[in-house]
Amino acid sequence: VLDLAHEYNLRVVEDSAEAHGVRPRGDIACFSLFANKIISAGEGGVCLTRDPHLAEQMAHLRAMAFTKDHSFLHKKLAYNYRMTNMQAAVALAQTEQLDVILGLRRDIEKRYDEALRDVPGITLMPPRDVLWMYDVRAERSEELRAHLADEGIETRVFFKPMSRQPGYYSPEWPELNAARLSADGFYLPTHTGLTAQDQEFITGRIRAFYGAA
Ligand SMILES: *Cc1c(COP(=O)(O)O)cnc(C)c1O
């Protein structure tokens, strides 16, 4: 994507929403600070770039394209995407702890991998650079999710692919990998406060569902 974009003098805006801790490669990387992300400010996000011109443009557009002299002149149509200092402080404090947070999440990933590796019906996902939510694919996934819900274990289905969103859908779209994944994939509880015992309970219920000891 990067090679192609640069060949045509285009900029790449990278969806890094859930990838705090992964080095960006696009021209602008957008990280989410929504409530369920690795680092959260409740809402909002952060855009990173190495290009000083793009940085200036983003800061300008975020703050309603005001001129620098405080004359309340808007140089063009823009946005009010400002974040409060209080939200920023909440996110910054977590950023200082990023290594700790990522380490805890790596432990969660390892424990799920080990407990679910040999369960028939479960397909593990390839290793991740950082763990946002622990995702798996499962046979009879709807039934499994209902079984887990009965045990008080909340799960969430994968994102619906763009090609299946009403605004974009066409029956002519081929069956893409994203559509196949969203059909049987879901997220298991993933939170830095999750204990090894919590995970044992969760994976125990999954193993029981498939009749694995
Ligand atoms: C969470 C997420 C988003 C949306 O982030 P918002 O801050 O809610 O806009 C977009 N892309 C991916 C991959 C995400 O995980």
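Mentor: Angles under 35 degrees count as roughly parallel, over 145 as roughly antiparallel, 65 to 115 as roughly perpendicular and the rest as oblique. Helices (H or I, at least four residues) and strands (E, at least two) are DSSP runs, numbered from the N terminus. This is a predicted model, in which local features need pLDDT of at least 70, side-chain atom pairs count only at pLDDT 80 or more, and totals for chains, interfaces and linings use all residues. Residues are numbered from 1 along each chain as its sequence is written, and side-chain values use heavy atoms, with hydrogens and water left out.

Trainee: How many helices and strands does the chain have?

Mentor: The chain has 7 helices and 7 strands, in the sequence pattern α-β-β-β-α-α-α-β-β-α-β-α-β-α.

Trainee: What describes two packed helices?

Mentor: The angle between their axes and the distance between the axes describe them. Axes are lines fitted to C-alpha atoms, for helices over the stretch in contact, and angles run from 0 to 180 degrees between N-to-C directions. Here, helix α5 (residues 141-150) packs with helix α7 (residues 196-209) at about 135°, the axes being 10 Å apart. The two helices, α5 and α7, are therefore oblique to each other. On the α5 side the contact (heavy atoms within 4.5 Å) uses E143, L144, H147 and L148, and on the α7 side I202, R205, I206 and F209.

Trainee: At what angle do helix α4 and α7 pack?

Mentor: Helix α4 (residues 98-116) packs with α7 at an angle of about 30°, with the axes 10 Å apart. That makes α4 roughly parallel to α7. I108, R111, Y112, A115 and L116 of α4 meet A196, Q199, I202, T203, I206 and R207 of α7.

Trainee: Which residues surround the ligand?

Mentor: A residue is near a molecule if one of its heavy atoms lies within 4 Å of it. The ligand is surrounded by D15, A17, E18, S32, K37, W132 and F159.

Trainee: Which polar side-chain atoms lie 2.8 Å, 2.4 Å and 2.7 Å from atoms of the ligand?

Mentor: A polar side-chain atom of D15 lies 2.8 Å from a ligand nitrogen atom. For E18, a polar side-chain atom is 2.4 Å from an oxygen atom of the ligand, and for K37 the distance to a ligand oxygen atom is 2.7 Å.

Note on methods:
A polar contact is a pair of N or O atoms within 3.5 Å; within protein, one must be able to donate a hydrogen and the other to accept it, and residues adjacent in sequence count only if both atoms are side-chain atoms.
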